[in-house]
Amino acid sequence: MLDGTYPGAVSPHREYVLDAGGVGIAVHEWGPEAADPLFLVHGGFDFARTYDVFAPKLAAAGWRVVAWDQRGHGDSEHATLYSWDGDLRDAMAVMDSVTQRPAPVVGHSKGGALMINLADAQPFRFTHLVNLDGIPYKRAIPDMSEHERTRMVASEVTGWLDHRRSTATSKRKPGTLEELAARRGRMNPRLSPEWLCHLVSVGGFESDDGWRWKIDPSMRFGGFGPWRPEWTIARLPGLAMPFLGILGRVQEPMGWGTLPHQVTRYIPVDGRCEVLDDVGHFVHIEQPDLVAAMVLDFLGGAA
Amino acid sequence: MIPVMLTHNRVQLALHQLQDGPGRPLLMLHGLGEESPTSLPSWATEWAGPVHALDFTGHGMSTLPAGGGYSAEILLADADAALAHLGEVTVVGRGLGAYVALMLAGARATQVRGAVLCDGPGLAGGAVGPTSQSFVILPPRDSAPDPYALLELSRDLRPPDYATLFVRLALEGSGLDEPIAVAAVVRPPWLTAVADEIGVTTAPTIAEGLALYADPLQG
């Protein structure tokens, strides 16, 4: 039986809740408090403690590593509303609470896309930007008739509205630690059962009828709206801070589906993008030593 | 009159009844920064059925959430909560409410018998594509309207081809030849595109727009 312990995983050295405009944001830190800060931003349906192995490696090199659970995720408050702008404001609140100076930022998946947006809108916050498999590109649109596409959208919209009608009373489905790990494993087929059990042990909670993920049950994977992925990548070429992108070549359900050749022309001047073969969307979990070494080399050591 | 409070996730929405009567209800959606009127507007006096008006999240007597996070889609779900309570409706929206009325007519096409889109605050919305807009943290306010609602819903992205998608959904699902009536004088890009679609008619006045969808049994 797996108990959630995982080799190399280190609990944060400091954990606290920040009041971000009335929403409680859980902050998790590794490394000395007096050291220079480095921010880690998690992806959608993830949480800060997915960095339990990766963050300590950066902290060991002398950084104060600061990660937070986005609203509704992990130990942060289940908010009334969720949006891209809301996530960015929460990020600003955390950054402002830690430092008034620019700092390096590492973002994974949706967290990487959020930070491309913030780096474009507020470059003064960034000394460096690292993007871990988090560069959105155009969605692959299936070949179908206009009528079929309308039907597909209708199904998405009504499905989402039906979901909203039920969220006031909905709860996440309970199960054993192993069952929750197995469910997550369907979205993360490349991650080991041991790691997935660790994720449940820190991203879930246990009550009388079993374990549940902490994430707000009103949140739903997917959705619809006017936003298009290519609007984020269009912000990338103009970034002036040093940029490192790390893509996993193997496609997975939770990734953006972006292929290396699609990114090349958008990489900022003097930026670079590395591609890891036989690695999936969670580059920092599959290859924590390699990716930490790449990030530390890119940063050139703590300032 | 004391409104009915509807639950939408963690929000309590105030649904005001402005008129009683037989037949299909008229659902009114207010503009950005507004709230439901306290009496029947002059343009709605010919409506024979009941008339209800919804306060969106962060507006009027509905919940003011902390930390913002608004989108037109969330307001669509607000309107859908009213639809779940009222059953089949005709919907009329001012400004931002016009955009939401369009979305509701498409998203719940079988339950919306016509949408009338009118001028009002928040009609234009934001850009039609990516912008250079920055992000700001606003001080909290304990009375409506929520400043984050004003900020976020004044710049929500409204690509014309996204708006016209809801026209096609309405046309396909409603059984009406013209499920959308544009009574607005001002036509921002999304509404210009909507007005050009098959299934959309123009109404010279709001009252004439409503008359298109009045239940003959009410007359």
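This is a predicted model: local features need pLDDT of at least 70, side-chain atom pairs count only at pLDDT 80 or more; totals for chains, interfaces and linings use all residues.
An α-helix has 3.6 residues a turn, so residues three or four places apart point the same way.

**Chain A as a whole**

- Chain A contains 10 helices and 10 strands, and with a radius of gyration of 19 Å, close to the 19 Å that the globule rule gives for 303 residues, it is as compact as a globular protein of that length.
- Taken along the principal axes, the box that the C-alpha atoms of chain A fill is roughly 50 × 50 × 40 Å.
- Of the 303 residues in chain A, 45% count as buried, a label that is given when 20 or more other C-beta atoms lie within 10 Å of a residue's own.
- When contacts in chain A between residues at least 6 apart in sequence are considered, 74% of them join residues that are at least 24 apart.

**The two domains of chain A**

- Chain A is divided into domain 1, which is made up of the two stretches 14–139 and 225–299, and domain 2, which covers 146–213.
- The C-alpha centres of these two domains of chain A lie 23 Å apart, and the contact between them takes 13 residues from domain 1 and 10 residues from domain 2.
- On the side of domain 1 of chain A that touches domain 2 of chain A, the residues divide into six nonpolar, three polar and four charged.

**Where chain A meets chain B**

- Contact between the two chains involves 34 residues of chain A and 35 residues of chain B.
- On the side of chain A that touches chain B, the elements that give two or more residues are the helices α2 (84–98) and α4 (146–166) of chain A, and α4(A) provides the largest share, which is eight residues.
- Sorted by class, that side of chain A has 18 nonpolar, 11 polar and five charged residues.
- The contact is described here by residue counts, although the size of an interface is often given as the accessible area lost when the parts come together.

Terms used:
Residues are numbered from 1 along each chain as its sequence is written. Chains are lettered from A and ligands numbered from 1 in the order in which they are written. Helices (H or I, at least four residues) and strands (E, at least two) are DSSP runs, numbered from the N terminus. The radius of gyration is taken over C-alpha atoms; the globule rule is 2.2 Å times the number of residues to the power 0.38. A residue is buried if 20 or more other C-beta atoms lie within 10 Å of its own, exposed if 12 or fewer, and partly exposed in between; C-beta atoms are placed from the backbone. Two residues are in contact if their C-beta atoms, placed from the backbone, lie within 7 Å. Ala, Val, Leu, Ile, Met, Phe, Trp, Tyr, Cys and Pro count as nonpolar, Asp, Glu, Lys and Arg as charged, and the others, Gly among them, as polar. Domain bounds come from an automatic or database domain assignment.
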